[in-house]
Amino acid sequence: MAATPIAVVTGASSGIGAATARTLAAEGFRVVLTARRKDRIEALAAELNEAGHQATAYALDVTDRAAVDEFATAFRSLAVLVNNAGGALGADPVATGDPADWRQMYETNVIGTLNVTQALLPALTASGDGTIVILSSTAALSSYEGGGGYVAAKHGEHVLAETLRLEIVGTPVRVIEVAPGMVRTEEFATTRFRGDTEKAAKVYAGVDAPLTAEDVADTIGWAVTRPSHVNIDLLVVRPRAQASNTKVHRTL
Ligand code: 8X3
């Protein structure tokens with residue numbers, strides 16, 4: 001009997017990462033949930049196992065290269081890696097943005113993705129049929145005022161995905177970039193505005209049905225379950241009420 005294919009999901013403690021872990025578990029993958037918050041991923045792994053799926057939790061900070069390398073030693077063969085860990089900090093103009101925020105966003109979104117991808121690429125290749133998903137953002141494709149460091153970091157992630165795809169063509173690993181627009185999750189905007197829930201709520205004010213984490217997980221699940229020779233290079237997904245990063249229909 002063939003071994004159950006394994007999918008690693010980073011940032012699986014909430015939002016799109018947690019929803020993706022659920023989706024991939026339901027698709028028949030043994031999911032390995034990673035995030036810094038151990039209690040959350042352990043609870044989700046327990047829930048998935050109770051539901052008859054296969055899940056394990058591993059506390060990991062993707063910016064800690066030594067820890068990532070140690071984590072990677074557990075895998076000789078890996079089917080799917082979903083690089084989801086990341087996020088936004090602040091919405092300041094370039095003129096006044098805090099360089100520390102820019103640095104942190106580059107660390108988590110770009111270097112974190114680089115660390116985990118480099119560490120697990122040998123196992124993905126060894127599987128003979130590996131898939132890397134990079135969760136970027138529509139912020140990876142065009143700029144918006146106040147996007148500053150987040151837009152820059154997400155553009156970096158987009159370039160990482162494109163370059164890697166060029167470099168590993170001919171190996172049995174595909175690189176899929178999923179770029180969501182407005183997604184209402186429990187933490188994204190609240191983290192961006194450092195706990196200011198009023199500011200966070202304004203992001204979605206009057207928008208008829210922003211995307212949910214499950215909507216994005218659904219697109220990821222679809223993309224990774226295409227036949228091996230099909231590579232969804234870049235999948236942009238927005239709510240119907242959003243035509244661009246700056247053109248959003250609001251009923252206010
Ligand atoms: C999230 C989308 O519009 O906040 O990645 O940059 S946005």
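In which loop does Arg194 lie? Arg194 lies in the loop between helix 6 (188-192) and helix 7 (197-204). The model is predicted: local features need pLDDT of at least 70, side-chain atom pairs count only at pLDDT 80 or more, and totals for chains, interfaces and linings use all residues. Residues are numbered from 1 along each chain as its sequence is written, and side-chain values use heavy atoms, with hydrogens and water left out.

**View 1. Loop residues with positive phi.** Phi of Arg194 is near 50 degrees, a positive value in a residue other than glycine. Ala209, which is also not glycine, has a positive phi near 65 degrees. Ala209 belongs to the loop between helix 7 and helix 8 (213-224). Helices are DSSP runs (H or I, at least four residues), numbered from the N terminus.

View 2. Around the ligand (a heavy atom within 4 Å) are Ser137, Ala139, Tyr144, Tyr150, Gly181, Phe188 and Arg192. Tyr144 places a polar side-chain atom 2.6 Å from a ligand oxygen atom, and a polar side-chain atom of Tyr150 also lies 2.6 Å from an oxygen atom of the ligand. In the side chain of Arg192, an N or O atom is 3.4 Å from an oxygen atom of the ligand.

**View 3. Packing of helix 1 and helix 2.** Helix 1 (residues 15-26) packs against helix 2 (residues 38-50) at an angle of about 20 degrees, with the axes 11 Å apart; axes are lines fitted to C-alpha atoms over the stretch in contact, and angles run from 0 to 180 degrees between N-to-C directions. The two helices are therefore roughly parallel to each other (angles under 35 degrees).

Methods:
A polar contact is a pair of N or O atoms within 3.5 Å; within protein, one must be able to donate a hydrogen and the other to accept it, and residues adjacent in sequence count only if both atoms are side-chain atoms. Angles under 35 degrees count as roughly parallel, over 145 as roughly antiparallel, 65 to 115 as roughly perpendicular and the rest as oblique.
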